[in-house]
Amino acid sequence: MLFYFFGALAVIASLLVIAQRNPVYSVLLLITSFGALSGLYVLLDAPFAAAIQIIVYAGAIMVLFLFVVMLLNTPHEDTDADEKTHPMLRPGPMRFGAAMAVALLGELAWALSRSGPSSTFSNTPVTSLSAIGYTLFTDYAFQFEVTSVLILVAMVGAVLMARREDQPGEKR
Amino acid sequence: MPSLNDYLILSAVLFTIGTAGVFVRRNLITILLSIEIMLNAVNLSFVAFGRAFGTVEGQIIVFFVMTVAAAEAAVGLAIVIALFRHRESLNPDAFTALKW
């Protein structure tokens, strides 16, 4: 029962994310969708994933998006045709793109329907944080360290690209 | 109790919504948000598979996906800020300098 509640909440919030004109509302609705997904992770006996979904995704990444939306200060898509028609109702390539997305949904549903009936989860869940931490720092220690290098590279790249180029005193 | 297939179908629906957002919207910020929806749909199927097989790898790969998503969001938003400084626009159709 909770599955259908959280699932419907995630789907409706995600649909509203791509139907909103104002990016601030989009970001806030996406946080709602992430909260619903976090509830689904709890239902799947994955409290670690649920916690980092809220802390990292909703708390850090979405706040970063919100900062950029407010920094750029462009609440609406900025051509006249875009102002008049709703994003879902635009002609031409957009309708083709939406048709492609519907075709993708059809393919995925077809592939899943071929897999036959699947049972509910019967085996005992692994919920302990110590098991996750042990595996992360033994079997996946190298990947974990590579991740830190990735974060460093992303940080340097973001600072370099978002820097103003006409700063006084800067030699080019 | 929902089965593994139910979670996978929900994940497929969310992924499709993200794909539709990338195709339909003409705002760079919303396109990045749609990519986040797609990443989360994949995360949901990873956790569901991890639960079905009784392993911790499902949650560990979610951890890595979130790290990559954070890096992608930081670099993507930096690019968006730089592009906005050049053209005063967030419409991807406005950036045609590399087009033949």
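Predicted model: local features only at pLDDT ≥ 70, side-chain atom pairs only at ≥ 80, totals over all residues.
Visitor: What secondary structure does chain A have?

Guide: Chain A has seven helices and zero strands. Read from the N terminus, the order is α-α-α-α-α-α-α.

Visitor: How is chain A divided into domains?

Guide: Domain 1 covers 1–78 and domain 2 covers 128–164.

Visitor: And how far apart are the C-alpha centres of those domains of chain A?

Guide: The C-alpha centres of domain 1 and domain 2 of chain A are 23 Å apart.

Visitor: Changing topic. How many residues does the contact take from chain A and from chain B?

Guide: Chain A contributes 72 residues to the contact, and chain B contributes 61 residues.

Visitor: Which helices of chain A supply at least two residues of the side that touches chain B?

Guide: On chain A, those are helix 1 (2–19), helix 2 (23–43), helix 3 (47–72), helix 5 (93–113), helix 6 (129–138) and helix 7 (141–162).

Visitor: Which one gives the most?

Guide: Helix 3 of chain A does, with 12 residues on the side that touches chain B.

Visitor: What is that side of chain A made of, by class?

Guide: The side of chain A that touches chain B has 52 nonpolar residues, 16 polar ones and four charged ones.

Visitor: Back to chain A as a whole. What share of its residues count as buried?

Guide: Chain A has 172 residues, and 23% of them count as buried.

Visitor: And what share of the contacts in chain A join residues at least 24 apart?

Guide: Taking contacts in chain A between residues at least 6 apart in sequence, 55% join residues at least 24 apart.

How values were computed: Residues numbered from 1 in each chain as written. Chains lettered and ligands numbered in written order. Contact = placed C-beta atoms within 7 Å. Helix = DSSP H or I, 4+ residues; strand = E, 2+ residues; numbered from the N terminus. Nonpolar A, V, L, I, M, F, W, Y, C, P; charged D, E, K, R; others polar. Domains from an automatic or database assignment. Buried ≥ 20, exposed ≤ 12 C-beta atoms within 10 Å, placed from the backbone.
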